[in-house]
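The sequence and structure follow.

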Amino acid sequence: MIRKGTQVTISESLKNSTTLQGISWMILTTFLFVAMNGIVRYLGGALPAAESAFLRYFLGTLIILPMVIKNWPGYVSRKDTGLFLLRGLFHGIGVALWFYAMAHIPMAEVTAIGYVSPIFITIGAALFLGERLQLPRILGVLCGILGTLIILRPGFQDINLGQIAQLCAAPLFAASFVIAKKLTETQSSTIIVGMLSVGCTITLIPATIIQWQTPTLEQFLWLALAAVVATLGHYTMTRALQAAPITLTQPLNFLQLIWATILGILLFGDPLDPFVLIGGAVIIGSATYISHRELRRSRLERERRIADI
């Protein structure tokens, strides 16, 4: 009986709390993106980075295009059209850099360096989306960055091209993330994800033509699977953005580091770095703290509204 009651409580919490829904969607997003990371890591540098990124988004476009056509709103404002194009440009360049980084440095390191993005995302959300930066959110982001610095140990290792590529990709992904949050105000998840695939495909065409190398059937099938997983990941991420503020959902993205570390050890024989575990503990702690605070605040606000009625 207790177990049944607990299940009902969880179900009701998900139904009544958009904050909890956003957290759930974002956690699922971290699993999907790390699964895609594993596929890209498996392929390595067999294909040029821009071509791999192009094929991934081209196949993703084919997958989601029927849903985009079905759910097309009929009219898209000039402002939203500009945002779609700008996001495709930023994300397309960023993902090409990311594919290069994945082929040259360990998964956990790529993920850790990517945590520079929350700095830009938090600033962008405050400047362009008008979101309030409450102290718990700021502390959560800062603790996540601290955990990343523990992992990278700057000054104690040489900087290579893979790390530079990921550092350059971080602000581009941050810009894409902020634009996606803005688009959730007027567009559905399906349209936002579909237009991202189209925009990235168009952005990557020139570099792909220059570097084209015909993939094998196995490479093509792996990239097709990556496209499916990544497209699902972008959909769940967009649902998270629609359900909760960006400054809440973004710290949960730090969970990718833990999944990437586990996957790297189990499938690719990456060494177990104690600094990754320490930094990961800091990151998980910050993500858990901020989620708990936001859930508590959301519940209190809901109870206050009910009391006012």
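## The end of H2

Just after H2, Gly44 has a positive phi of about 65 degrees. The model is predicted, and H2 in it covers residues 18-43.

The length of H2 can be checked against its residue count. At 1.5 Å a residue, its 26 residues should span 38 Å, and the end C-alpha atoms of H2 are 38 Å apart, so the two values agree.

## Packing of H2 against H12

Two packed helices are described by the angle between their axes and the distance between the axes. For H2 and H12 (residues 255-268), the angle is about 35 degrees and the axes lie 9 Å apart. Their crossing is right-handed.

On the H2 side, the contact is made by Ile27, Thr30, Phe31, Phe33, Val34, Asn37, Gly38, Arg41 and Tyr42. These meet Leu255, Gln256, Trp259, Ala260, Leu263 and Phe268 of H12. Sorted by class, the contact between H2 and H12 has ten nonpolar, four polar and one charged residues.

## The cavity

How many cavities of 30 Å³ or more does the structure hold? There is one, and the volume of the largest cavity is about 500 Å³. Its lining has 27 residues, of which Phe33, Trp98, Phe173, Asn253 and Gln256 are the closest to the centre. Phe33 and Gln256 also take part in the contact of H2 with H12.

Several helices each supply at least two lining residues, among them H2, H3 (49-71), H4 (78-104), H8 (161-183) and H10 (217-243). By class, the lining has 14 nonpolar, eleven polar and two charged residues.

Conventions. Residues are numbered from 1 along each chain as its sequence is written. This is a predicted model: local features need pLDDT of at least 70, side-chain atom pairs count only at pLDDT 80 or more; totals for chains, interfaces and linings use all residues. Side-chain values use heavy atoms; hydrogens and water are left out. Axes are lines fitted to C-alpha atoms, for helices over the stretch in contact, and angles run from 0 to 180 degrees between N-to-C directions. Helices (H or I, at least four residues) and strands (E, at least two) are DSSP runs, numbered from the N terminus. A crossing is left-handed if the near helix is turned anticlockwise from the far one by less than a right angle, and right-handed if clockwise. Contact means heavy atoms within 4.5 Å. Ala, Val, Leu, Ile, Met, Phe, Trp, Tyr, Cys and Pro count as nonpolar, Asp, Glu, Lys and Arg as charged, and the others, Gly among them, as polar. On a 1 Å grid over the protein atoms alone, a cavity is a set of points where a 1.4 Å probe fits but cannot get out, and a pocket is an open set with protein on both sides within 12 Å along at least five of seven lines; lining residues have an atom within 4 Å of a point. Grid points are joined across faces, edges and corners, and a volume is the space filled by probe spheres set on the points. The expected span of a helix is 1.5 Å times one less than its number of residues.
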